[in-house]
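I opened my notebook to look up a few residues and how they sit together. Come and read along.

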Amino acid sequence: MKSGKLGLDDRAGLRDALAKAKKLHCPVIVSKLDRLSRDVAFISGLMANGVPFIVAELGADTDPFILHLFAALSEKERKLISTRTKAALDALKAQGALLGNRTNLHEAQAKGQASNAAKASEFAAKVLPIISQYRAKGMALAAVAAELNSIGVKTARGGQWYPTTVKNVLEMAA
């Protein structure tokens, strides 16, 4: 599985495991809670929605309160790891170190751009039907953005919609 800080949309393996467990009416078993997620809200959401999971290091009958505590500790550790990593990278930069793999920089950039473009296209394909319905009613870009915000649709990065965001999705589909 990928990092425990990523959401379900970015973790196909976890998404598949949860779907298979649901189909088979069995729990998902993880070795440690932070392998499932380092996000309290995600863990709480699984628990609130009755998604069965077992954390091997804690045992099958772990009290939900304990799971919440461990989830909070995992989330805090994720933030501490991030802080330590940033500090270490800043220290290396201050010493003049060149960071990253310089041998395939252009190739890596191209792969990153292709991945970002694919994710953007996938997201645009999901929201385009909704936007198209509003536009077919004659709604202006600002009105479409306001409507998307009011019904709780988030942008690809989880933010609010603006007229330019709607315009970008429409241009991507054209």
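**Aromatic rings**

I searched the whole structure and found one aromatic pair (rings of Phe, Tyr and Trp, the last by its six-membered ring, with centres within 6.5 Å). The ring centres of F123 and W161 are 6.1 Å apart and their planes meet at 20°, so I noted the pair as stacked (planes under 30 degrees apart; over 60 is edge-to-face and the rest tilted). F123 sits in helix α5 (residues 105–136) and W161 in the loop between α6 (141–150) and α7 (163–173), so the pair ties together parts 38 residues apart in sequence. Helices here are DSSP runs of H or I with at least four residues, numbered from the N terminus.

**A note on the model**

This is a predicted model, where local features need pLDDT of at least 70 and side-chain atom pairs 80 or more, while totals for chains, interfaces and linings use all residues. Residues are numbered from 1 along each chain as its sequence is written, and side-chain values use heavy atoms, without hydrogens and water.

**Buried or exposed?**

I looked up W161 next: it is buried, at 3% relative accessible area (buried is under 20%, exposed over 50%, partly exposed in between, with a 1.4 Å probe and protein chains only). R38, in the loop between α2 (33–36) and α3 (40–48), is also buried, at 13%. L170, in helix α7, is partly exposed at 25%.

**Neighbours of L170**

Which residues does L170 touch, leaving aside neighbours within four places in sequence? I listed L128, I131, R135 and L141 (contact means heavy atoms within 4.5 Å).

Notes
Helix = DSSP H or I, 4+ residues; strand = E, 2+ residues; numbered from the N terminus.
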